Protein chains: 2
Amino acid sequence: MNSHTSLSRGAGVALWRQISEALEREIRDGVHPAGARLPTEAELSERFGVNRHTVRRAMAELEEQGLIDVTQGRGTFVHLGAIAYLIGRRTRFHENMRRENRAARLELLESATEQASGPIARELEVTAGTPVIRLDTRSHADGLPLSLASHYFPAARFPGLVEIFRETGSVTASFARFGIADYTRRRTRVSARLPDAREQRLLEITRTRPVMATEAINVDAEGAVVEFGLSSFASDRIQLVFEG
Amino acid sequence: MNSHTSLSRGAGVALWRQISEALEREIRDGVHPAGARLPTEAELSERFGVNRHTVRRAMAELEEQGLIDVTQGRGTFVHLGAIAYLIGRRTRFHENMRRENRAARLELLESATEQASGPIARELEVTAGTPVIRLDTRSHADGLPLSLASHYFPAARFPGLVEIFRETGSVTASFARFGIADYTRRRTRVSARLPDAREQRLLEITRTRPVMATEAINVDAEGAVVEFGLSSFASDRIQLVFEG
DNA sequence: GGGTATTTGTTCGTATGTATT
DNA sequence: TAATACATACGAACAAATACC
């Protein structure tokens with residue numbers, strides 16, 4: 001009666017890798033369903049007959065792959081596959097969430113009026129130093145953070161925007177107050193990277209789960225730039241869909 | 001004369017984190033220029049007055065962030081910042097690379113004719129089991145791998161596609177042989193994740209650098225689906241730009 | 001609310017294997 | 001071949017966060 005799961009020592013493949021592959025198989029096979037708690041490090045090191053460090057190396061790999069979530073003092077859990085969709089181009093955040101039947105919220109983290117720096121000015125098509133309004137927001141769907149964003153607007157065109165946004169909680173609704181019935185996405189740049197400390201905290205993700213970083217330009221019916229936005233999306237919770 | 005760099009012990013911040021932050025600062029400040037070799041783990045553990053394991057933990061963090069490249073037996077080097085751009089929507093790979101003045105190559109890794117599985121069939125708008133041609137490709141810009149892709153085509157419409165692609169090395173040029181002068185992108189889905197083993201190898205990236213995974217549908221002038229493509233892009237080398 | 005047990009996180013030490021130069 | 005440098009693995013101890021009573 002050996003409770004150990006046999007690993008091949010001295011073969012070409014590291015023990016920690018054999019362990020992570022065994023656990024990955026078990027997770028994919030449903031031995032540990034989504035949300036389930038995994039055995040503790042101590043129990044696993046007992047089961048596999050290795051040092052706790054070796055188990056920890058394997059767990060780090062699984063966390064990196066997004067298969068498990070680890071919390072100090074709590075334990076290790078099979079990652080809850082959270083799916084979500086979003087749309088590009090001409091759609092709005094609240095509209096999107098409504099289509100997905102999700103409770104939407106756009107939280108205002110911070111706001112300021114600043115002088116446009118070089119890159120911001122170029123995207124907004126104003127001269128550097130022109131006053132711009134910056135709104136830092138965090139979006140939620142069903143209570144889970146989806147994205148962080150910094151929205152930049154030409155201050156001259158949108159006096160009192162911050163208060164209006166505080167009322168409406170929506171960029172689209174705020175634009176409407178200024179007579180902008182429609183606006184469209186001129187361009188979106190997408191890249192991917194690992195999150196910085198702020199993103200990890202505010203998006204509630206671990207440091208090994210990538211974010212999609214976007215730069216977006218919105219223009220009014222006349223083609224004038226009304227908003228430049230820098231966003232980062234929790235890639236585990238969202239997929240960007242561009243239709244054209 | 002203490003050659004140690006002072007760390008604060010017993011403060012709230014782990015030693016390995018202080019070390020990775022110190023090295024990150026040095027790299028960003030140009031103390032270690034891109035491509036430069038970093039001191040060995042032994043030298044760093046001496047400098048910071050910690051165990052080599054603690055240095056290794058810090059190095060793992062920097063590698064995860066993409067700041068350094070580590071190779072067994074060789075040493076540790078500051079990551080060479082490779083930049084590249086790409087475009088979305090109605091443009092073509094070779095056209096893109098020409099605009100960026102980069103040497104483009106689309107390498108055929110594998111090809112096969114298969115029966116369409118459920119998801120593939122749905123996207124290609126054919127019934128499941130219909131024969132489809134699959135082309136697995138790898139794209140390069142200036143010799144560096146940019147992306148991997150699996151392209152699916154309805155086999156009935158494109159007899160002999162594989163040989164034609166082998167000749168032309170281009171999807172667009174192959175389509176032209178079948179009388180398709182133009183085709184457009186109907187939809188693109190974008191997500192981000194960490195690369196699997198195959199992607200790590202073929203894209204020549206480490207396991208901590210994210211890839212952008214895309215699903216794309218191309219249609220001809222009549223709106224019929226001519227191609228469904230699954231790609232993964234090395235996010236360190238490319239940025240996706242969607243214009244609309 | 002508070003103390004205790006549990007569980008993961010950090011750090012040290014040591015030994016040996018493997019890839020590169 | 002020898003030296004160097006990173007990779008893996010074991011053991012021990014304490015810290016920090018959480019859960020439980």
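Visitor: Which residue in S9(B) is the bridge partner of A:Thr188?
Guide: This is a predicted model, where local features need pLDDT of at least 70, side-chain atom pairs count only at pLDDT 80 or more, and totals for chains, interfaces and linings use all residues. Residues are numbered from 1 along each chain as its sequence is written, chains are lettered from A and ligands numbered from 1 in the order in which they are written, and side-chain values use heavy atoms, without hydrogens and water. Strand S7 (residues 183-193) of chain A runs antiparallel to S9(B), joined by four bridges; strands are DSSP runs (E, at least two residues), numbered from the N terminus. The partner of A:Thr188 is B:Phe242.

Visitor: Which strands lie at the edges of the open sheet?
Guide: The sheet has seven strands, in the order S4(A)-S5(A)-S6(A)-S9(A)-S8(A)-S7(A)-S9(B). Two strands pair if DSSP finds at least two bridges between them. Edge strands pair on one side only: strand S4 (104-115) of chain A and strand S9 (240-243) of chain B.

Visitor: What stands opposite A:Ser150 in S9(A)?
Guide: Look at strand S6 (residues 144-154) of chain A. Six bridges join S6(A) to the antiparallel strand S9 (residues 225-234) of chain A. Opposite A:Ser150 stands A:Leu230.

Visitor: How far apart are the closest N and O atoms of B:Glu64 and A:Arg207?
Guide: Four salt bridges are counted between chain B and chain A. Each has a side-chain nitrogen of Lys or Arg within 4 Å of a carboxyl oxygen of Asp or Glu. B:Glu64 and A:Arg207 form a salt bridge, with a closest N and O separation of 2.7 Å.
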